[in-house]
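Let's take a friendly walk through this protein, with the sequence and the 3D view side by side. Keep both open as you read.

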Amino acid sequence: MPPWADPRPLLPRSPGGPAPSSPGRATVVAVFRSPPVSLPFRFSCPGSSSEGGRGPTGRQSRFGAPVAGRRARGEGRLLRAASLKASTGTGTGGERAAAGCPQPRRGRVGVAFQRGKAKKKKPGRRRPRSAGRHRVALYKSVPTRLLSRAWGRLNQVELPTWLRKPVYSLYIWTFGVNMKEAAVEDLHHYRNLSEFFRRKLKPQARPVCCLHSVISPSDGKILNFGQVKNCEVEQVKGVTYSLESFLGPRISTEELHFSQAPPGNSFQQQLVTKEGNELYHCVIYLAPGDYHCFHSPTDWRVSHRRHFPGSLMSVNPGVARWIKELFCHNERVVLTGDWKHGFFSLTAVGATNVGSIRIYFDQDLHTNSPCYSKGSYNDFSFISNNNKEGIPMRKGEHLGEFNLGSTIVLIFEAPKDFKFHLKAGQKIRFGEALGSL
């Protein structure tokens with residue numbers, strides 16, 4: 001039996017008196033009654049203090065050191081609480097260390113050990129991850145142009161009268177189409193899917209805002225907007241594309257009133273015609289259930305049309321985050337001109353099953369043609385061929401239409417005090433305000 005387990009009480013050792021009868025017991029007493037030794041580390045035990053906290057024997061510690069009063073008793077209570085928390089796994093790292101318990105490993109084990117007390121990471125905005133070159137090449141190898149032409153042929157097939165209502169009702173239910181706004185609500189009136197996609201609205205369904213200088217040209221969802229910086233435009237947050245690749249090379253100054261900037265200036269600076277102005281952009285995504293016609297966003301003059309034959313990949317926001325420069329790969333029609341503050345452009349971007357982009361005043365435009373060369377574009381000037389003033393467009397006037405849905409990109413010049421009245425991700429309808437001075 002070890003000496004400290006002996007039930008007999010310890011005999012006091014009087015100064016100058018005889019030693020106890022048991023030599024072994026005297027040795028143990030001498031060791032335990034010796035002055036406290038300063039150790040290089042702190043020894044902690046639940047229920048006691050390394051500085052002489054209150055032990056289980058009452059007012060005197062087990063090691064014979066004097067009690068330090070209330071402070072020592074308080075430390076003992078703190079250590080006992082830390083021991084309890086460490087045993088249940090709810091204590092902090094410092095409390096477990098003070099109680100002599102090992103620190104839990106980080107990761108899943110640590111989270112389970114702490115029972116919900118793990119420090120949660122603050123939710124941050126994840127940067128969109130673009131797809132690799134091989135995935136983009138694989139996706140672009142899909143014959144989307146051929147599929148879109150086949151879909152266009154299918155949409156023009158006249159449906160039997162008895163089949164029209166079930167087919168259109170399924171489409172209305174799937175994409176949430178509001179037929180109360182349509183000029184013709186009777187589903188039997190639309191002979192094929194193409195006519196149903198290009199349905200007109202009642203005149204009072206979309207009032208045009210007269211208080212703001214720029215309105216939304218169509219129904220849709222705002223993907224991005226703001227100033228153009230470093231000759232790059234954001235198609236979605238964090239994913240950009242080149243401004244020059246999107247609009248194409250600079251048009252001659254005879255057709256557009258470009259600034260007489262030196263050739264060494266950036267493409268963005270060459271588009272700005274007035275000193276002190278900035279270049280702005282806005283991206284609107286048209287979902288399959290939206291109104292598919294688009295209108296003039298302001299009072300301006302269309303001087304030039306540029307058609308880019310290209311791919312017809314999906315322009316869904318999820319795909320737009322996945323593929324960088326998606327809008328530069330897809331087929332698109334760029335209308336450029338000027339308004340009262342300088343340069344103005346509207347671009348209709350095609351997508352899968354949206355091979356047909358129609359501009360009402362341009363009868364020579366034919367999109368999704370079987371014959372096209374990659375990277376080429378077709379120009380047409382409305383100044384040199386039609387008249388010397390171009391095509392004047394008033395705010396809210398019919399401009400063109402899509403089949404199914406796609407994206408519209410506005411890039412224009414405006415003074416520095418121009419402000420957008422938008423939020424990213426919000427739904428917008430034709431005629432509502434985009435921004436004003």
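Helices and strands here are DSSP runs numbered from the N terminus (helices are H or I with at least four residues, strands are E with at least two). Two strands count as paired if DSSP finds at least two bridges between them.

β1 pairs with strand β17 (residues 433–436) in the antiparallel sense over 2 bridges. To find the spot in your viewer, look for Val 214, which stands opposite Gly 435 in β17.

## What you are looking at

This is a predicted model: local features need pLDDT of at least 70, side-chain atom pairs count only at pLDDT 80 or more, and totals for chains, interfaces and linings use all residues. Residues are numbered from 1 along each chain as its sequence is written, and side-chain values use heavy atoms, with hydrogens and water left out.

The protein has 12 helices and 17 strands. Of its 437 residues, 44% count as buried; buried means under 20% relative accessible area, exposed means over 50%, and partly exposed lies in between (1.4 Å probe, protein chains only). The accessible surface comes to about 25100 Å², and 55% of that belongs to carbon and sulfur atoms; these areas come from the Shrake-Rupley method with a 1.4 Å probe, and for residues only the protein chains shown count as cover. Among contacts between residues at least 6 apart in sequence, 72% join residues at least 24 apart, where contact means heavy atoms within 4.5 Å.

## An enclosed strand

Now turn to strand β8 (residues 332–339). Here 8 of the 8 residues are buried, so β8 is largely enclosed by the rest of the structure. In a regular strand the side chains alternate between the two faces of the sheet. Both faces of β8 are covered: Arg 332, Val 334, Thr 336 and Asp 338 are buried on one side, and Val 333, Leu 335, Gly 337 and Trp 339 on the other.

β8 has an antiparallel pairing with strand β7 (residues 300–308) over 7 bridges. Strand β9 (residues 342–349) also runs antiparallel to β8, joined to it by 8 bridges, and β8 and β9 make a hairpin with 2 residues between them. Leu 335 is a handy landmark: Arg 305 stands opposite Leu 335, and in β9 the bridge partner of Leu 335 is Leu 346.

## Another open sheet

A further open sheet has 3 strands in the order β6-β13-β10, paired antiparallel. Its edge strands, β6 (293–295) and β10 (357–359), each pair on one side only. β6 meets strand β13 (residues 398–402) in the antiparallel sense over 3 bridges, with Cys 293 opposite Glu 401 in β13.

## Two helices with a buried side

Helix α7 (residues 161–175) has 15 residues and reaches 22 Å from its first C-alpha to its last, close to the 21 Å expected at 1.5 Å a residue; the expected span is 1.5 Å times one less than the number of residues. In α7, Arg 164, Tyr 168, Tyr 171 and Ile 172 are buried. They cover an arc of only 100° around the axis, which puts them on the same side of α7; the arc is that of the directions from the helix axis to the C-beta atoms. Trp 162, Leu 170 and Trp 173 are exposed on the other side. The buried residues of α7 pack against α8 (193–197), and just after α7, Gly 176 takes a positive phi of about 65°.

In helix α6 (residues 144–155), Thr 144, Arg 145, Ser 148 and Asn 155 are buried. Seen down the axis, the buried residues of α6 fall within an arc of 100°, so they line one face of the helix. The face turned away from them carries the exposed residues Leu 146 and Arg 153. What covers the buried residues of α6 includes α8.

## A closer look at Phe 267

Phe 267 lies in helix α10 (residues 267–271). Is Phe 267 buried or exposed? At 10% relative accessibility, Phe 267 counts as buried. Leaving aside residues up to four places away in sequence, Phe 267 touches Cys 231, Leu 243, Glu 244, Leu 247, Gly 248, Pro 249 and Arg 250. Pro 249 is 18 residues from Phe 267 along the chain, and their C-alpha atoms are separated by 8.7 Å.
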